[in-house]
Amino acid sequence: KETEEVFKVKKSSYSKKIVKQLKKEYKEDLEKSKVRSEVNSPTDVEPPLEKTGQIKDTGQEDGTANSEHGEEEMEVESEKEEEKPKAGGAFSSALSSLNVLRPGEIPDAAFIHAARKKRQMARELGDFTPVDSEPGKSRLVREDENDASDDEDDDEKRRIVFTVKEKSQRQKIAEEIGIEGSDDEALVAGEQDEELSRWEQEQIRKGINIPQASIYQPAEVNNLYYQNTYQTLSYGSSYGIPYTYAAYGSSEAKSQKTDNTVPFKTPSNEMTPVTIDLVKKQLKDRLDSMKELHKANRQQYEKHQQSREDSTKAIEILEGSSGGIGEQYKFLQEMRGYVQDLLECFSEKVPLINELESAMHQLYKQRASRLVQRRQDDIKDESSEFSSHSNKALMAPNLESFGRDRVIYQEQVKRRTAEREARRARRRQAREQTGKMADHLEGLSSDDEETSTDITNFNLERDRILKESSKVFEDVLESFYSIDCIKSQFEAWRSKYFTSYKDAYIGLCLPKLFNPLIRLQLLTWTPLEGKCRDFETMLWFESLLFYGCEEQEQVKDDADISLLPTIVERVVLPKLTVISENIWDPFSTTQTSRMVAMVQKLVDGYPSVVNAENKNTQTLLKALLLRMRRTLDDDVFMPLYPKNVLENKNSGPYLFFQRQFWSSVKLLGNFLQWYGILSNKTLQELSIDGLLNRYILMAFQNSEYGEDSIKKAQSVISCFPKQWFTNLKGEKTISQLENFCRYLVHLADTIYRTSIGCSDVEKRNAREHIKQIIKLLASVRALDHAVTVANDHNVKELKILIEGK
């Protein structure tokens, strides 16, 4: 029943397609009947076939303009015929009407149905031969529909039917609605359209959440063909129930509409009665809500007011501080430009300063080397002159067989001898004038006198370097080379904006910044000269002395406090290192004393110098040791002569021997002046092992045993620092002096043996000499040797001699 309803509903929607298909089938049947009548007999041809042929011709002559109008008329007539109730003799009347159809007349539904039935019966009985129609001649059928019908005809041609098939349910339903049962394509299309419609309705129901009532009113034109086809159903009444459509006048559709409709409840128009209490209650509620709203608005207002006040204060604070930040930014930008210009200036001038400093050091180095070389030549000349066992010719270097170089060498020796004797005569004369002649010993004076030519050349070169140094900054503004101007710029930065000053590490950069300017002022500074100015009295030192020492409280770990010590460490110490390596003469007592005083001053006054990890201090000490070792290896010479040669105290060999001995003792004293600066181990290695035991003890053994040897021993012991012996434990001295103590014991024994058989005066003098030797041994803490000498020579005043040391 449901299927029949669906086909009844869909009948009108299939009308156009069915009409087109029926036209095609009707045309094919006419053609096939015509062919069959021509083949079989003329009595089989029915008159309407000729008339239908006229329909074809007429239809073709009408043209395409009337095709659409004819199709619409056929559709309307077919719909009207379908709406009429089917009579029992419809089929027989349609068969009879085939003979009376006039040319150009459009057949009705009954006629078409009768033609279909006739064609179906002919197919089942197999009493007609199908004729293929040419494609493209029909103007009522589309190209795609032609293809589909041709395929079906081909299948039907291949099928041979032996019995009459029983009609299927689909064919029966199609016959009820006026559709040929064998037209499966139309039925399948109807089912597909039905499924598509159902799917659309389901999607519409899914998208509807709120029941709605809508009335669909078809247009007047549609009502003309499809009267009452769509029922006026609301969405709410059919929610969850599939939509169905029924033809007009169908009782099943009306009953289904009645069952599926959900009635809406009409709202009640009755109102609650208004009373005074109700009005008062509503007014009170409204007043309470307004009070709460007013309270919330009041709190919001106060919050906004407080926020406004805070913002105003913040603006005032920022406006007050913005001026300082702007000034700071401006100042820092100016300092940035100033520092960049200053560094560019120094990058150009520092190489010139380095060249001038190197030239000055080279000048002093040449003078010191010339003096040292002259002393070494004098020693060689005297040694070759007073050596009885040496050949003077062999002493001359690179002598040819013709003797030409020997002559030149002898002339140079004579010239150097004359100059040497002249210098000694002038020094002797100067001592006589000052009254120091009696205390002087040959060899204690430093032969550092220069000729007038050397002095003049030295002064000219020195003046030239100073003149060039004065022109280094002549093309530069004062603010870029004056220490005071540069210092004032950074002092202003420190006093105004100390935080940024500290963050930029200016305190660590200033020593390097002032370095070239200070080195330019220290260009001629040499502490070995007596007229040299103390660096603490120079302008740069006085200018930087109080830098960073304002009245305000000092900041912890302030780098500016150590500005001067850092400059001394990085400027003064490197300069002293160069002086120690190239200019200082360890044989000169004056230079050594001044050098020791300068280094001691730095050690005592500048803590950075004392630091053992300071690289500049380590470099300076290494330079001092290297210079002393070089002097010990190259400049010390002790001649060896027989005692009979030394008996003549006015002879040249004796004077040369004495001069070399006392120069060695002087060098020993110069070495030991570095006590407190150099380590004891290093000093003992240089002075005792390298000089005393190697050279001086050799001279003691060749000297006359007596008062002269005791005097020399006293001079040697006086050079030793007393601190070496104060902390010694036991009765033995330091191990390096053991040989010297044995010599003193041997000297006492020799003096005693010499006095045997002499007069009482000589014995008394010998005994006094032995007591002096005991004192010398006690002064170096060699108590074991002193007790031995006292016991051997019956000296009973041992305790007095030891305590009176």
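The dialogue below takes up these features one after another.

Tutor: Please keep in mind that this is a predicted model.

Student: How is a pair of aromatic rings described?

Tutor: A pair of aromatic rings is described by the distance of the centres and the angle of the planes. The structure holds 20 aromatic pairs. In one of them, the ring centres of F661 and W662 are 5.3 Å apart and the planes stand at 80°, so this pair is edge-to-face, given that angles over 60 degrees count as such.

Student: Are F661 and W662 buried or exposed?

Tutor: F661 is buried, at a relative accessible area of 0%. W662 is buried as well, with a value of 6%.

Student: Which kind of pair do F700 and F740 form?

Tutor: The pair of F700 and F740 is tilted, with 6.1 Å from centre to centre and 55° between the planes. F700 belongs to helix α26 (residues 680-702) and F740 to helix α29 (residues 738-755), so the pair ties together parts that are 40 residues apart in sequence. F700 is buried, its relative accessible area being 0%, and F740 is buried with a relative accessible area of 0%.

Student: Which residues form an aromatic cluster?

Tutor: One aromatic cluster is made up of W525, F535, W540, F541 and Y606. F535 also has a charge over its ring: the charged end of K601 sits there, 5.4 Å from the ring centre.

Student: Which residue lies over the face of F661?

Tutor: That residue is K712, at 4.5 Å from the ring centre.

Student: Let us turn to the surface. Which residues form a nonpolar patch there?

Tutor: The patch consists of V274, V279 and L283, which together have about 280 Å² of accessible area. V274 is located in the loop between α11 (251-260) and α12 (276-386). With a relative accessibility of 64%, V274 counts as exposed, the cut-off for that term being over 50%.

Student: What span should helix α6 have, and how far apart are its end C-alpha atoms?

Tutor: Helix α6 (residues 109-125) has 17 residues, which at 1.5 Å a residue should span 24 Å. The expected span uses one less than the number of residues. The end C-alpha atoms of α6 are 24 Å apart, in agreement with that expectation.

Student: Which residues of α6 are buried?

Tutor: The buried residues of α6 include F111, I112, A114 and A115.

Technical notes. Residues are numbered from 1 along each chain as its sequence is written. This is a predicted model: local features need pLDDT of at least 70, side-chain atom pairs count only at pLDDT 80 or more; totals for chains, interfaces and linings use all residues. Side-chain values use heavy atoms; hydrogens and water are left out. Rings of Phe, Tyr and Trp (its six-membered ring) pair if their centres lie within 6.5 Å; planes under 30 degrees apart count as stacked, over 60 as edge-to-face and the rest as tilted. Buried means under 20% relative accessible area, exposed over 50%, partly exposed in between (1.4 Å probe, protein chains only). Helices (H or I, at least four residues) and strands (E, at least two) are DSSP runs, numbered from the N terminus. A charge sits over a ring if NZ of Lys or CZ of Arg is within 6 Å of the ring centre and within 35 degrees of the ring normal. Patches are made of residues with over 30% relative accessible area and no salt bridge: like charges are joined within 9 Å, nonpolar side chains (Val, Leu, Ile, Met, Phe, Trp, Tyr) within 5 Å. Accessible areas come from the Shrake-Rupley method with a 1.4 Å probe; for residues, only the protein chains shown count as cover. A salt bridge is a side-chain nitrogen of Lys or Arg within 4 Å of a carboxyl oxygen of Asp or Glu.
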